Amino acid sequence: MNIYYHPNYNISLGFLDRFHPFDGSKFGKVYKEIKTLEGITIKQPAHPISEALINEFADDQLQQKLTQKDYILKALEVPQMSFLPHSIIKSRILKPMRIAAAGTVAAAHDALNGTNCWNMGGGYHHASPHESEGFCIYNDIGIAIQQLRKAGTAKADDRFIILDIDAHHGNGNARTFGDDSTVDLFDIYNNEVYPSDPTTKSKVNINIPLQSGTKGDVYLKKLEAGLNQVKSGYKIAFVVAGTDVIDIDPLGALGLSIQDCITRDTMVVERLIALNIPFVFTGGGGYSEGSAKCIAGSLKQLYKC
Ligand SMILES: [Zn+2]
């Protein structure tokens with residue numbers, strides 16, 4: 001597989017990092033762990049996604065909102081940091097997210113040509129063409145599918161699936177694709193935390209709600225049953241592989257171990273290979289010390305797939 005990473009994926013506001021429970025340097029930690037593996041292919045997105053490309057996806061109201069610092073800070077869940085100049089937010093937070101989104105777009109092109117990919121960043125599944133929220137500003141998977149169609153590399157009736165295995169329900173993807181019959185949604189998530197949105201439930205094709213504290217054995221059984229419902233015929237499977245499913249994550253409130261998380265990723269990869277569906281893994285959420293260990297562990301196991 002091609003692994004997408006860029007040093008600028010890492011988000012840091014220096015001493016202000018303590019205001020958000022997000023290990024913004026996890027990408028660099030993973031890179032250090034995996035870069036010397038034999039035969040590994042690590043690619044960098046050439047440049048951040050452009051303003052024009054963002055505006056093709058975002059509706060007029062969202063384009064307007066994204067010019068407002070307070071809206072962005074609320075979407076990033078750090079409204080208390082309103083003392084930060086807009087230029088710092090743009091360069092230290094939004095630019096890394098735009099580079100990570102470019103990784104998803106590039107990976108989608110590779111996957112369409114048959115190469116599986118893992119983008120360490122992206123997977124901003126709470127964003128949609130109408131809103132940014134939940135630390136997600138740009139819906140990179142939505143943008144990627146739009147760009148594939150625009151380039152003509154994907155036809156209008158080509159089918160995609162998003163497998164959302166982040167701890168949180170993918171309300172942004174549901175808003176983006178809920179009425180698009182060519183994009184199916186699979187979601188296994190904690191039903192007792194944000195966003196708790198009935199509309200999202202009604203839009204997801206394979207919907208697997210869990211209770212807070214669900215342990216690895218129960219989770220993996222339910223995941224397996226859900227994966228067995230996924231059929232072949234998709235051009236690409238996008239995976240939102242948030243590592244906030246592990247028990248030390250302060251926001252996901254599930255009970256998986258790091259090894260359970262690695263097993264989760266392995267099960268998804270094995271199922272997609274069996275179904276002959278090229279895939280793009282994306283980072284999703286994951287805010288704890290254990291997050292980098294999960295991603296590095298999965299990549300060490302799966303980078304030759
Ligand atoms: Zn999450």
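1. Glu 77 lies in the loop between helix 4 (69–75) and helix 5, where helices (H or I, at least four residues) and strands (E, at least two) are DSSP runs numbered from the N terminus. The phi of Glu 77 is near 65°, a positive value in a residue other than glycine. With 17 other C-beta atoms within 10 Å, Glu 77 is partly exposed. In this note a residue is buried if 20 or more other C-beta atoms lie within 10 Å of its own, exposed if 12 or fewer, and partly exposed in between, with C-beta atoms placed from the backbone.

2. On the basis of the note: this is a predicted model, in which local features need pLDDT of at least 70 and side-chain atom pairs count only at pLDDT 80 or more, while totals for chains, interfaces and linings use all residues. Residues are numbered from 1 along each chain as its sequence is written.

3. Ser 196 is found in the loop between strand 5 and helix 8 and counts as partly exposed, with 14 C-beta neighbours inside 10 Å. Pro 195 belongs to the loop between strand 5 and helix 8 (198–203), and the peptide bond that leads from Tyr 194 to Pro 195 is cis, with omega near 5°. For context, most residues other than glycine have a negative phi, and most peptide bonds are trans.

4. The eight strands of an open sheet follow the order 2-1-3-8-7-4-5-6, with parallel pairing; two strands pair if DSSP finds at least two bridges between them. Strand 2 (41–43) and strand 6 (206–210) stand at the edges with a single partner strand each, so one side of each has no neighbour in the sheet. From one strand to the next the twist averages 15°; axes are lines fitted to C-alpha atoms, for helices over the stretch in contact, and angles run from 0 to 180 degrees between N-to-C directions.

5. At one end of this order, strand 1 (residues 2–4) pairs with strand 2 in the parallel sense over three bridges, and Tyr 4 stands opposite Lys 43 in strand 2. Helix 5 (residues 86–112) packs on the sheet, touching strand 1, strand 3 (117–119), strand 7 (236–240) and strand 8 (279–282), and its direction makes about 175° with that of strand 3. Contact here requires C-beta atoms, placed from the backbone, within 7 Å.

6. Strand 4 (residues 160–164) is mostly covered, five of its five residues being buried. Phe 160, Ile 162 and Asp 164 are on one side, and Ile 161 and Leu 163 on the other. Strand 4 is joined by five bridges to strand 5, running parallel, with Ile 162 opposite Leu 185. Five bridges also join strand 4 to strand 7 in parallel, where Phe 160 stands opposite Ile 236.

7. Strand 7 likewise has five of its five residues buried: Ile 236, Phe 238 and Val 240 on one side, Ala 237 and Val 239 on the other. Its pairing with strand 8 is parallel, over four bridges, and the bridge partner of Val 239 in strand 8 is Phe 281.

8. The largest nonpolar core has 91 residues, and those with the most contacts inside it are Ala 237, Val 239 and Val 280. Such a core is a set of buried Ala, Val, Leu, Ile, Met, Phe, Trp, Tyr and Cys residues joined through C-beta atoms within 7 Å. Helix 5 supplies the largest share of this core, eleven residues. Not counting residues up to four places away in sequence, Ala 237 touches Ile 161, Leu 163, Leu 272, Ile 277 and Phe 279.

9. Thr 243, in the loop between strand 7 and helix 10, counts as buried with 32 C-beta neighbours inside 10 Å. Thr 243 and Asp 166 are 77 residues apart in sequence and 6.5 Å apart in space, C-alpha to C-alpha.

10. In helix 9, the buried residues are Gly 216, Tyr 219, Leu 223 and Leu 227. These cover an arc of only 65° around the axis, which puts them on the same side of helix 9; the arc is that of the directions from the helix axis to the C-beta atoms. They pack against strand 5 (183–190), strand 6 and helix 10 (258–274). Exposed residues on the other side of helix 9 include Asp 217, Lys 221 and Glu 224.

Definitions and conventions: Two residues are in contact if their C-beta atoms, placed from the backbone, lie within 7 Å.
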